[in-house]
Amino acid sequence: MTLSSPLEMRIRRRQLVLGLGAWPLAMAPTARAAIGGLPSNTGHADISPEWELLRGRLFGARPIAAGSGRVQLIAPLRAAYGASVPVKIVSQLAQTPALYVKRLHLLVDKNPSPLAATLELTPEVGQADFETRLRVDEYSHVRVVSELSNGELHMDSRYVKTSGGCSAPPNRDSPELIGRTIFKLPEPPKMDAPTTADLTVIHPNDTGFELNNVTVMYIPSYFVRTIAVSYAGRKIFDADLDFSISENPTWRFNFVPHTPGELRAEVADSKERHYTGSLQVG
Amino acid sequence: MTKSRRTIAGALLALLVTAANAVGIPPAYTPLVVEPAVSAGRSEFDLGPALARAKRENKRLYVYLGASDCPYCRRYENFLGKNADELVPHFKPWIVVDLRSTLSTTANRLFIRVGDTSLNYTDFQRAIDDQRTRMLVYPSVWLFDPQMKPLMQMPAGTGTFETVEEQLEILNLVQ
């Protein structure tokens with residue numbers, strides 16, 4: 001795989017943080033095989049060897065409450081496309097300065113880079129519900145770990161089945177559109193209440209593992225690295241992302257507008273290119 | 001080995017290789033094979049006769065779209081063949097429809113006809129509210145009731161139901 005230098009450093013940094021070597025999951029203990037060749041840990045709430053490893057690296061010995069109901073992850077058992085698995089995070093907690101969801105970690109246990117996203121939230125989110133689309137490389141648990149402002153950790157997980165097939169390569173006919181950052185409000189804004197917004201960044205979000213069928217060369221990794229979203233100059237959330245997020249990364253989120261203002265996203269990708277998008281609200 | 005014996009052995013081997021790589025749903029499933037009507041660069045599969053039979057026999061439709069040059073299709077078909085003894089009884093409430101395509105038949109060239117309406121792949125998927133509009137993947141399976149109402153959102157490809165247990169999940173509409 002050919003990596004640009006900043007990206008290589010970034011992946012190495014992630015691997016160091018997670019305590020992983022080069023493509024470490026291949027070395028992780030595999031799940032036990034059940035009759036018929038399926039792993040035995042296919043229950044939505046089951047753990048996996050990969051998660052055991054990640055958990056220690058990301059959260060140390062901190063207790064994580066599983067299935068507490070504080071956070072819920074919604075994902076299909078069999079996604080229409082493995083390259084674009086819709087997931088929804090639902091938080092059963094209103095964002096108040098006294099207690100709020102401070103951080104959300106979205107993981108795909110068996111992906112080459114399992115930490116798909118880390119979101120740093122503020123109470124300005126109003127309601128910490130998020131939707132996005134993930135790449136799920138093989139049968140895997142998808143997990144969300146919600147970190148509250150009081151330090152509590154809560155987790156929910158779903159087991160997702162995906163597989164390959166024969167198809168045409170993704171459309172890359174419009175490179176000039178890369179970085180275009182678009183906001184949409186599915187409904188009119190509500191002042192002083194959580195308002196839903198959709199953010200899409202046009203970007204191939206290439207993993208580096210995909211073969212170009214024409215050139216028979218691997219398409220180099222190239223993906224959206226960070227997104228910082230603000231409203232009227234106040235931070236809503238920051239996202240630290242990876243190529244486990246699908247092509248044309250899309251996020252549905254909430255924010256609380258108190259006065260008319262500008263919804264703004266600042267985006268950086270793995271080639272250190274920067275893009276912005278904005279929408280006047282109210 | 002004499003020349004004639006070598007010839008017979010060669011012929012037998014060729015027959016075995018051909019059987020192992022046979023295209024389409026194995027005969028044990030008594031598939032209704034649908035070849036496309038090809039004209040002006042489009043391949044049209046008519047689901048009308050399958051639907052009429054489903055209504056007549058009050059059976060569900062298990063519509064399989066495979067391609068003659070698609071390795072994933074051969075894998076699924078081989079899986080079905082290998083497990084026919086176990087699986088065929090579970091397919092009894094279904095009519096298996098085998099649409100035989102090629103990888104060069106892309107989404108804009110593949111048409112599906114039901115009665116007077118013929119739609120290309122993407123429009124057909126939109127019409128039945130199927131999420132698989134973005135990309136045509138071989139192989140694909142649709143599940144319909146006798147009124148052609150989709151019974152479950154299916155994944156692109158068949159890799160998620162290539163164990164007996166998972167194939168039964170699909171036939172039992174486990175989501």
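My entries on both chains follow.

**Ground rules.** I'm working on a predicted model, where local features need pLDDT of at least 70 and side-chain atom pairs count only at pLDDT 80 or more, while totals for chains, interfaces and linings use all residues. Residues are numbered from 1 along each chain as its sequence is written, chains are lettered from A and ligands numbered from 1 in the order in which they are written, and side-chain values use heavy atoms, with hydrogens and water left out.

**Chain B, overall.** I looked up the secondary structure and got six helices and eight strands (DSSP runs numbered from the N terminus: helices are H or I with at least four residues, strands E with at least two). Along the sequence the pattern reads α-β-β-β-α-β-α-α-β-β-β-α-β-α. Of the 175 residues in chain B, 45% are buried (buried is under 20% relative accessible area, exposed over 50%, partly exposed in between, with a 1.4 Å probe and protein chains only).

**Chain B, the sheet.** I found an open sheet of four strands in the order 2-3-6-7, with mixed pairing (two strands pair if DSSP finds at least two bridges between them). Strand 2 (37–39) and strand 7 (117–120) of chain B are the edges, each with a single partner strand, so one side of each has no neighbour in the sheet. The twist averages 25 degrees from one strand to the next (axes are lines fitted to C-alpha atoms, and angles run from 0 to 180 degrees between N-to-C directions). Strand 6 (residues 110–114) of chain B pairs antiparallel with strand 7 of chain B over four bridges, and there R113(B) sits opposite S118(B).

C70(B) and C73(B) are the partners, S to S 2.3 Å. Their link is right-handed, with 90 degrees about the S-S bond, and both cysteines are buried. I also checked G157(B), in the loop between strand 8 (140–144) and helix 6 (164–171) of chain B. G157(B) is buried at 1% relative accessibility, and its C-alpha is 5.1 Å from that of S140(B), 17 residues apart along the chain.

**Chain A, strand 10.** Five of the seven residues in strand 10 of chain A are buried. Strand 10 pairs antiparallel with strand 9 (residues 181–184) of chain A over four bridges, with I182(A) opposite T200(A). Six bridges join strand 10 to strand 13 (residues 250–255) of chain A, also antiparallel, with A197(A) opposite F253(A).

**Chain A, salt bridges.** The count over all chains is 22 (a side-chain nitrogen of Lys or Arg within 4 Å of a carboxyl oxygen of Asp or Glu). One of them is D198(A) with R252(A), 2.6 Å, N to O. That pair links strand 10 to strand 13 of chain A, 54 residues apart. D198(A) is buried at 17% relative accessibility, whereas R252(A) is partly exposed at 29%. I also noted E124(A) with R234(A) at 2.7 Å, N to O. These two are 110 residues apart, with E124(A) in the loop between strand 5 (115–121) and strand 6 of chain A and R234(A) in strand 12 (residues 234–241) of chain A. Last entry: R62(A), R103(A), E120(A) and E147(A) are linked in a salt-bridge network.

Key:
Disulfide = S-S within 2.5 Å.
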